[in-house]
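Please keep the sequence and the structure in view while reading.

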Amino acid sequence: MLRNKNKTFSLTTMSKGGRSAIARSRSIDQQLDEERGRREREVQLLILGPPGVGKSTFLKQVRLHHGDQFPPEERRKYHDQIMQNVATGLVQLMEHMERMGLKFDSPDTERLSDDFRKKHPRVSFVALIKKFKEADDEAEEICPATTKAELTKRLSSLDVYQPESPIVDHMHTLWADPSMQYCFSRRLKFDTDKLTQSSEYFLQHIGRICSADYVASIQDIMYICWPTLGIQEHTFRVDQLLYRMVDVAGQRSMRKKWIHFFEEAVAVLFFVSLASYDEPLEEDTSVNSLQDSLQAFNEVSHSHFLNKTEFILFLNKKDLLAQKLKTTPLSTCFPSYSGNQNPDSCIRYIKEQFTQNKPSQKQMYAHACCAIDVPFMKDLLSTVVDRIVDINLRRTKAM
Ligand SMILES: Nc1nc2c(ncn2[C@@H]2O[C@H](COP(=O)(O)OP(=O)(O)OP(=O)(O)O)[C@@H](O)[C@H]2O)c(=O)[nH]1
Ligand SMILES: [Mg+2]
């Protein structure tokens, strides 16, 4: 029996059209209930932001604090990337040695270094990205992706760069050379092509990394520098909720692909690097990197595809910002900034630049952070998880 305000009638007395309308309506209700149930249990989050800002590092922290915590067999999967990071650091130092007119101690080591440089040219991420982009363009031409699923499949299959692994004994010999050691000790004086914190870290731990029984530590995994070229999806369960996090390559050329992943996102976690305030963009050196992040953030947060999606902004690499402010003022990036160079004041100002143009209907949360800092990220993640639970609750109620 169905009740319609003051009328009561039975299905058997209804016309065929009426019955099918009711059946349709029931099926829609059922679909909505299922969808509501799924959304109550599953949250899709989009991880966005320019290259190298710490998106993958953040995901590693989620995996550490809410996932499998990297069992030994999983840690071994990172060894190739770590070896490549060490090799890249060594080759970078060899280039500095050449500039400084330093020679290796023996002709044998000199020969080894020539050979090593030929076999392991520095991994240029710009070149890697270009190669990936060309392969992607070609694939798009042959088989244009029309759906998110197709695009994910295609981009994941392109992401297979695997260079030859360097020989650990060779790395030991090169690193032990006195001229190499001298060059490393002068690293803070390099005018150009400075070592990244990650290269410095891996070179300082080369003895441990090149030992026979090496298993990557959590800190090693956090320091890896390896770009995400395609799309990676990671799922984590926290309490009753399944979090599906989609990490989309951050290069400018890939930004138009972000849109495919917008539709189901409950929230966007947008990352920027505070330390990029004095850096040019790798893909276009005439553009300031933090200004470019600001522009990308404004575009995405105003996208009509995301008008119901909340944003959480991560102002990452605050440790590097604090270091840089000692020598380079914030006005390098924001000429109108006339405050002091205290990291907290500068972070407050940068945060304001990002949040002042937010769409009026949106909530905007912003956190300054250091994605390699394990205890700090543990606390931050619990705050972020609470926020996401709230956002998801509001969203499902509004359905
Ligand atoms: N010092 C410092 N280094 C960081 C921080 N966050 C990330 N890094 C380092 O920055 C480098 C790049 O980090 P990723 O997480 O790979 O950057 P990404 O945003 O995923 O980059 P793409 O995949 O290229 O888009 C790595 O070597 C990290 O160890 C931070 O807060 N402080
Ligand atoms: Mg990445």
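## Overall make-up

What percentage of the 399 residues of the chain count as buried? In this predicted model, the share of buried residues is 31%.

The chain contains 17 helices and 8 strands. Its C-alpha trace spans about 100 × 50 × 40 Å along the principal axes. Among contacts in the chain with a separation of 6 or more, 76% come from residues 24 or more positions apart.

## Two domains

The domain assignment divides the chain into domain 1, made of 44-71 + 230-387, and domain 2, covering 73-223. Taken over C-alpha atoms, the centres of domain 1 and domain 2 are 25 Å apart. Each side supplies residues to the contact: 18 residues from domain 1 and 18 residues from domain 2.

On the side of domain 1 that touches domain 2, helix α2 (residues 55-66) gives the most, with 3 residues. By class, this side of domain 1 has 8 nonpolar, 5 polar and 5 charged residues.

## Helices α4 and α9

Helix α4 covers residues 79-100 and helix α9 covers residues 178-185. Their axes come within 10 Å and cross at roughly 90°. Angles of 65 to 115 degrees count as roughly perpendicular, and α4 and α9 are therefore roughly perpendicular to each other.

From α4, the residues in this contact are Leu93, His96, Met97 and Met100. They meet Ser179, Met180, Cys183 and Phe184 of α9. The contact of α4 with α9 has 6 nonpolar and 2 polar residues, and no charged ones.

How values were computed:
Residues numbered from 1 in each chain as written. Chains lettered and ligands numbered in written order. Predicted model: local features only at pLDDT ≥ 70, side-chain atom pairs only at ≥ 80, totals over all residues. Axes fitted to C-alpha atoms, helices over the stretch in contact; angles between N-to-C directions. Helix = DSSP H or I, 4+ residues; strand = E, 2+ residues; numbered from the N terminus. Parallel < 35°, antiparallel > 145°, perpendicular 65-115°, else oblique. Contact = placed C-beta atoms within 7 Å. Nonpolar A, V, L, I, M, F, W, Y, C, P; charged D, E, K, R; others polar. Buried ≥ 20, exposed ≤ 12 C-beta atoms within 10 Å, placed from the backbone. Domains from an automatic or database assignment.
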